[in-house]
Amino acid sequence: MRGMRLLPTQPVPELDLALVRGGTTGDLSLGTGAGGRFTMVVFYRGLHCPICRQQLTELDRRLGDLKAAGIGRVLAVSMETQERSDQVVDQWHLNSVPVAYGLTEAAARDWGLNLSQAINDGEPALFNEPGVYILDQDRTLFWASTATMPFGRPAIDEIITGVRYAQEHNYPARGAA
């Protein structure tokens, strides 16, 4: 079963997930322009992934920089259970970035994420590979980067540079042809 292909300028699938510190993704006004034009949704592999730890730790530390660049909302999402997601927040010392859990296989495929089966102890039986999605203020896809491996994720500085350029030069979403 293959995932959907999300296209820039088209609406993204709904996210209706619980957050580690309480509440739901619905409380975050994702893709509405609240707090800044863009929303960034970061799909991470899970507790077992040291590269995810680096990425989310930097994300948590740099929320102010992202907001200054026009990314008003940021969310981290995985297929992890509530227990493992609680460990992610606690062990990785995530103080500010909202962390959602319980993404289903179907929803991961709807977002166009690549999925992997466990090959090592400590990995869930099935989990999503990384993806970074930038949503525009009308809840459409502006920019996406997905991976089939834990490696090669876009750097936060590159994302900041890109969204600033897009706003300053009225640069449209690309890749929908």
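Author: A polar contact is a pair of N or O atoms within 3.5 Å; within protein, one atom must be able to donate a hydrogen and the other to accept it, and residues adjacent in sequence count only if both atoms are side-chain atoms. The model is predicted: local features need pLDDT of at least 70, side-chain atom pairs count only at pLDDT 80 or more, and totals for chains, interfaces and linings use all residues. Residues are numbered from 1 along each chain as its sequence is written, and side-chain values use heavy atoms, with hydrogens and water left out.

Reader: With which side chain does the side chain of R153 make a polar contact?

Author: R153 sits in the loop between strand 8 (141-146) and helix 5; helices (H or I, at least four residues) and strands (E, at least two) are DSSP runs, numbered from the N terminus. A polar atom of the R153 side chain also lies 2.8 Å from the backbone oxygen of P150. The side-chain partner, at 2.6 Å, is Q55.

Reader: Which side chain of opposite charge is nearest to R153, and how far away is it?

Author: Lys and Arg count as positive and Asp and Glu as negative, while His and the chain ends are not counted. R153 is buried, that is, under 20% relative accessible area, where exposed means over 50% and partly exposed lies in between (1.4 Å probe, protein chains only). R153 has no salt bridge, a term for a side-chain nitrogen of Lys or Arg within 4 Å of a carboxyl oxygen of Asp or Glu. The nearest side chain of opposite charge is E129, at 6.1 Å.

Reader: How many residues apart in sequence are the parts that R62 and D157 tie together?

Author: R62 is buried at 12% relative accessibility, whereas D157 is partly exposed at 46%. Their salt bridge has its closest N and O atoms 2.6 Å apart. Because R62 lies in the loop between helix 1 (50-61) and helix 2 (63-68) and D157 in helix 5 (residues 156-168), the pair ties together parts whose separation in sequence is 95 residues.

Reader: What is the N to O distance in the salt bridge of E80 and R84?

Author: Side chains of opposite charge can pair when their charged atoms come close. E80 is buried, at 3% relative accessibility. The side chains of E80 and R84 meet in a salt bridge with an N to O distance of 2.6 Å.

Reader: Is H48 buried or exposed?

Author: H48 is found in the loop between strand 2 (38-43) and helix 1. Not counting residues up to four places away in sequence, H48 touches (heavy atoms within 4.5 Å) E80, R84, G122, E123, P124 and F127. With a relative accessible area of 19%, H48 is buried.
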